[in-house]
Amino acid sequence: MLNFEGGSLLRHQLVCSLLSQKPIRITAINDEESLEKPGIRGHEANFLKFIQRVTSGTKMEAKSSNTELVFTPGILVGGSLSHEVANPRAVGYIVEAALLL
């Protein structure tokens, strides 16, 4: 299992994990002391839902107030799908990673 610290490259770490089929652990996700609410943010949670939709068998486990994520990649599935994004920022956030997949 590969270990990463910090959530600034969360999308890229998850995409690389999917493409390489290697499980990862990401710690200290948005864990800065200046943040009122540490952990996975709304747009990141929406991205995780997207990953669940485009894969089969992916396992995700959030720990420590959502500041740690253990990700075991599944298999990418083909076909068409729709995914709703809650805020405008998340559209590009998801599309950029989808193009890599």
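Which residues are buried in helix H1 (residues 10–20)? I began with this question, working from a predicted model in which local features need pLDDT of at least 70, side-chain atom pairs count only at pLDDT 80 or more, and totals for chains, interfaces and linings use all residues. Residues are numbered from 1 along each chain as its sequence is written, and side-chain values use heavy atoms, with hydrogens and water left out.

**Entry 1: helix H1.** I found Leu 10, Arg 11, Gln 13, Leu 14, Val 15, Ser 17 and Leu 18 buried in helix H1. Buried means under 20% relative accessible area, exposed over 50%, and partly exposed in between (1.4 Å probe, protein chains only). Helices (H or I, at least four residues) and strands (E, at least two) are DSSP runs, numbered from the N terminus. Just after H1, I noted a positive phi of about 60° at Gln 21.

**Entry 2: salt bridges.** Arg 11 pairs with Glu 96, their closest N and O atoms lying 3.6 Å apart. This pair links distant parts of the chain, with Arg 11 in helix H1 and Glu 96 in helix H3 (residues 88–100), 85 residues apart. Arg 11 counts as buried because its relative accessibility is 14%, whereas Glu 96, at 38%, counts as partly exposed.

I then looked up Glu 68, which forms a salt bridge with Arg 25; the closest N and O atoms are 3.3 Å apart. Here strand S5 (residues 68–72) holds Glu 68 and strand S2 (residues 24–27) holds Arg 25, 43 residues apart. Glu 68 is buried at 15% relative accessible area, and Arg 25 is partly exposed at 27%.

**Entry 3: Glu 44.** I located Glu 44 in helix H2 (residues 42–54). Glu 44 is buried yet has no salt bridge, and the nearest side chain of opposite charge, Arg 41, is 5.0 Å away. Lys and Arg count as positive and Asp and Glu as negative; His and the chain ends are not counted. Not counting residues up to four places away in sequence, Glu 44 touches Gly 7, Leu 10, Ile 29, Asn 30, Gly 39 and Tyr 93, where contact means heavy atoms within 4.5 Å.

**Entry 4: the whole chain.** I counted 3 helices and 6 strands, in the order β-α-β-α-β-β-β-β-α along the sequence. Buried residues make up 36% of the 101 residues.

Terms used: Salt bridge = Lys/Arg side-chain N within 4 Å of Asp/Glu carboxyl O.
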